[in-house]
Amino acid sequence: MYPVCRQGDIMSGTQPEKRIILHLDMDAFYASVEQLDSPELKGQPVVVGGHRSRGVVCACSYEARTFGIHSAMPMSRALRLCPQAIVQPVRMARYQEISRQVFDIFGRYTDLVEPLSVDEAFLDVTASRRLFGEGWDIAEKIRRDVRDELGLPISAGIAPNKFLAKLASEQAKPDGVFQVPERVDDFLLSLPLKRLWGVGPVLLKSLQKMGLRTVADLRHMDRADMERCFGQAGERLIQLAHGEDERPVEPQRSLKSIGHEDTFDQDIFERETMHVALLDLVERVAARLRKHGLIGTTLTLKVKYADFSTVTRSRSVADGICHARDMLHLAKQLLEKTEAGKKPVRLLGVSLANLMDADSGQGLLFDEDRRNQLKGLEQAMDHVRERYGEKGLCRATLVGHRRRSLTRE
């Protein structure tokens, strides 16, 4: 039995203790799971993703990274860089199964766990020190538990806030621990600006035009000047350059949106085929909404054409929607506002945002009795799929469709 520190334990006397935040990140998670389940893959360049000619890389082992392969790279390019790479399909159900076990281990040491994805999280272990030792001790105990019980590597960053902890875990990879020193500037000032949260290619280019290359360069900038140039982002950059981040670890971090997308093994032209693909997508979105007890008010359709150009179309509804049939109705309308059909389509995606509790909304298109009938039917479908897997039950229209999709997010 593991004692767990609770949020109310963080105060010591009348003064709050200095925060100890961990950022824990599984190393090459999908690829590591593939190597765990197939020991002959250990030490090999493993690439997890879609079709060899048209898919994208979802993850890759460190052995593959030495060839310049990285996530989101077209699979065809990855195989040109490393022809001997071993391509494995995405097995999301397996990764989620392992993820639940990893997060169970996190929960032994604190209830202040903020998931960021299936393979990484922030932990506030400030109060946990009374039971488990200092931050370094706790990080090593968690890493030991993950390694001994699951056979997988995990890296840990230790710092007084989330921003620095994330940087520290990047420094620790692979399979290590790094603690930000007491003199934060010794670690922070020499870092390139691209390491800062929110600094993407466009912003980085603007900063470089100003002669800024490192955090130390940014530290010398006037706050007012940065705000004039970049608005709130400028103020935030100055805060990060000083290592400032007061955000708490949020165990109940709410979902911002729920979505799925498919890349097809061949470009599609026919609207009827697109409608079948949209039905598959909204079925999966609706299932996740039911699982979390949510509805949403803004539906977005994503279309990527064969030339890799991408467009999105959105529509908001006042009452909120959660049923696949409602979402399909809107998605078809949005599809009409694109060039799909005139131009071949490589990828389709559907997402629902502005989420809220299902009890908060009334739903679209159907009266209450009709909505209750749909809810009962969809819950029965969920039960069958939970017992027999995703292939255990699907609409007749979708039979064979999922085999034609390569990459599913």
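**Figure 1. Strand 4 and strand 5 run antiparallel and are joined by 3 bridges.** Welcome to a predicted model, in which local features need pLDDT of at least 70 and side-chain atom pairs count only at pLDDT 80 or more, while totals for chains, interfaces and linings use all residues. Residues are numbered from 1 along each chain as its sequence is written, and side-chain values use heavy atoms, with hydrogens and water left out. Helices (H or I, at least four residues) and strands (E, at least two) are DSSP runs, numbered from the N terminus; two strands pair if DSSP finds at least two bridges between them. Follow Val-48 across to strand 5 and you meet its bridge partner, Ala-59.

Figure 2. Axes are lines fitted to C-alpha atoms, for helices over the stretch in contact, and angles run from 0 to 180 degrees between N-to-C directions. Helix 1 also packs with helix 4, at an angle of about 95 degrees and with their axes 10 Å apart. That makes helix 1 roughly perpendicular to helix 4 (under 35 degrees counts as roughly parallel, over 145 as roughly antiparallel, 65 to 115 as roughly perpendicular and the rest as oblique). Where the helices meet, helix 1 brings residues including Phe-29, Tyr-30 and Val-33, and helix 4 brings residues including Met-92, Tyr-95 and Ile-98. Contact here means heavy atoms within 4.5 Å.

**Figure 3. An open sheet of 5 strands has mixed pairing and the order 7-8-3-9-10.** At its edges are strand 7 (113-117) and strand 10 (177-179), each pairing on one side only. From one strand to the next, the twist averages 15 degrees. Strand 3 (residues 21-26) pairs with strand 9 (residues 154-159) in the antiparallel sense over 6 bridges. At 11% relative accessibility, Asp-25 counts as buried (buried means under 20% relative accessible area, exposed over 50%, and partly exposed in between, using a 1.4 Å probe and protein chains only). Leaving aside neighbours within four places in sequence, Asp-25 is in contact with Asp-119, Glu-120, Ile-154, Ser-155 and Lys-173.

**Figure 4. Helix 7 (residues 162-172) lies across strand 3, strand 7, strand 8 (120-124), strand 9 and strand 10.** Helix 7 runs at about 140 degrees to strand 9. With 9 of its 11 residues buried, helix 7 is largely enclosed by the rest of the structure. The buried residues include Phe-163, Leu-164 and Leu-167, as well as Lys-162 and Lys-166. At the start of helix 7, a side-chain oxygen of Asn-161 reaches to within 3.3 Å of the backbone nitrogen of Phe-163.

**Figure 5. The loop between helix 7 and strand 10 holds Pro-174 and Asp-175.** The peptide bond from Lys-173 to Pro-174 is cis, with omega near -5 degrees. Asp-175 has a phi near 55 degrees, a positive value in a residue other than glycine. At 37% relative accessibility, Asp-175 counts as partly exposed.

**Figure 6. The largest nonpolar core has 35 residues.** A nonpolar core is a set of buried Ala, Val, Leu, Ile, Met, Phe, Trp, Tyr and Cys residues joined through side-chain atoms within 4.5 Å. In soluble globular proteins, nonpolar side chains tend to be buried together. In this core, Leu-22, Phe-106, Leu-123 and Ile-142 touch the most other members. Among the elements that give two or more residues are strand 3, helix 1 (29-37), helix 4 (92-106) and helix 6 (135-150). Helix 4 gives the most, with 6 residues. Apart from this core lies another, of 34 residues, among them Leu-289, Leu-294, Leu-328 and Ala-340.

**Figure 7. Phe-308 sits in the loop between strand 12 (294-305) and strand 13 (310-321).** Phi of Phe-308 is near 75 degrees, a positive value in a residue other than glycine. At 48% relative accessibility, Phe-308 counts as partly exposed.

Note on methods:
A polar contact is a pair of N or O atoms within 3.5 Å; within protein, one must be able to donate a hydrogen and the other to accept it, and residues adjacent in sequence count only if both atoms are side-chain atoms.
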